[in-house]
Amino acid sequence: MNTFGWITLFALGAMVVNTLGIWAIYRHKSWAETNIQYFLCFAAGMLIASPLIMAFPEAIEANHDAGTAALAGFIFMFLSNRLIRHRTGQKELAFGITALQGIGLHSFIDGVIYSVTFSAGTITGILAGLGLVVHEFAEGVIAFSFLVRAGVKSSRAILYAFLVAALTTPVGAFVAYPLIRQLTPSLLGLALGFVAGVLIYVSAAHLLPEAGLHEKKHSYLAFLSGIVLALLLSLVHH
């Protein structure tokens with residue numbers, strides 16, 4: 001499968017998983033709320049391990065300034081989420097982003113990440129992509145819940161959550177792909193470094209704190225499972 005095929009597979013897969021999260025909270029609220037922490041922890045394990053063991057080393061190899069780009073990615077997520085929090089007046093963050101505009105931005109960036117990581121290498125894309133796809137379920141649950149709390153009827157909340165949280169991911173991937181293809185290897189290294197910083201922030205500052213608010217028995221095993229899967233995939237690659 002070529003690079004665009006992998007990007008399409010994961011971007012559309014993320015959209016489907018996000019939609020399943022929306023449907024689960026709509027039809028099976030108790031089950032979704034009971035298991036969401038395991039999805040969060042597993043995704044956090046994947047997203048903290050994949051940039052550290054694959055994406056960031058590859059970025060440094062392509063461009064020695066990728067560390068600065070990673071720092072920029074981390075700061076970008078920090079500042080953008082704080083800006084959204086300030087503008088919406090929200091005190092609690094869901095993945096750091098609770099407003100609809102924030103959820104849309106977050107999902108759009110997920111799509112861009114698919115294009116960057118798969119352009120750098122198939123295994124790098126798979127490692128980052130698996131963590132992102134898993135966390136889409138929880139994001140769908142949160143997007144729907146936010147809309148309902150805002151007073152939107154459930155029937156409309158399904159559609160709005162899909163448009164904002166699910167559809168934006170493949171849109172981000174397909175918009176970014178032709179632009180990423182024009183980058184030189186050195187610039188792609190900077191882009192990959194930036195993405196590594198974003199992924200580390202998403203895991204450390206969003207997923208893990210959110211999971212910790214309602215920690216469940218053995219949830220740490222889900223976190224370790226995500227790390228182990230990332231390590232196994234990297235070993236297969238080497």
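Modeller: A definition first: helices here are DSSP runs of H or I with at least four residues, and they are numbered from the N terminus. Also, this is a predicted model.

Biologist: Fine. What pattern does the chain follow along the sequence?

Modeller: Read that way, the pattern is α-α-α-α-α-α-α-α-α. The secondary structure comes to 9 helices and 0 strands.

Biologist: What share of the contacts is between residues 24 or more positions apart?

Modeller: Such pairs account for 83% of the contacts in the chain with a separation of 6 or more.

Biologist: And how much of the chain is buried?

Modeller: Buried residues make up 49% of the 238 residues. The chain exposes about 11100 Å², and carbon and sulfur atoms supply 67% of that area.

Biologist: Take α1. How many residues, and what does the helix reach from end to end?

Modeller: Helix α1 covers residues 3–27, which is 25 residues. From first C-alpha to last, α1 reaches 36 Å, close to the 36 Å expected at 1.5 Å a residue.

Biologist: Which residues of α1 are buried?

Modeller: They are G5, I7, T8, F10, A11, A14, M15, N18, G21, I22, A24 and I25. As background, residues three or four places apart in an α-helix point the same way, because there are 3.6 residues a turn.

Biologist: Changing topic: pockets. What volume does the second largest pocket have?

Modeller: The volume of that pocket is about 160 Å³. Its lining is made of F76, F108, I109, V112, I113, V116, I180, A191, F194, V195 and V198.

Biologist: Which elements give two or more residues to that lining?

Modeller: Those are α4 (100–120) and α8 (185–213). Helix α4 gives the most, with 5 residues.

Biologist: Now S107. Where does S107 sit?

Modeller: S107 is in helix α4.

Biologist: Why does S107 count as buried?

Modeller: Because its relative accessibility is 0%, and buried means under 20%.

Biologist: What is S107 in contact with, leaving aside neighbours within four places in sequence?

Modeller: The contacts of S107 are E139, V164, A165, T168 and T169.

Biologist: And how far is S107 from A173?

Modeller: The C-alpha atoms of S107 and A173 are separated by 9.9 Å, while the two residues are 66 residues apart along the chain.

Note on methods:
Residues are numbered from 1 along each chain as its sequence is written. This is a predicted model: local features need pLDDT of at least 70, side-chain atom pairs count only at pLDDT 80 or more; totals for chains, interfaces and linings use all residues. Side-chain values use heavy atoms; hydrogens and water are left out. On a 1 Å grid over the protein atoms alone, a cavity is a set of points where a 1.4 Å probe fits but cannot get out, and a pocket is an open set with protein on both sides within 12 Å along at least five of seven lines; lining residues have an atom within 4 Å of a point. Grid points are joined across faces, edges and corners, and a volume is the space filled by probe spheres set on the points. Buried means under 20% relative accessible area, exposed over 50%, partly exposed in between (1.4 Å probe, protein chains only). Contact means heavy atoms within 4.5 Å. Accessible areas come from the Shrake-Rupley method with a 1.4 Å probe; for residues, only the protein chains shown count as cover. The expected span of a helix is 1.5 Å times one less than its number of residues.
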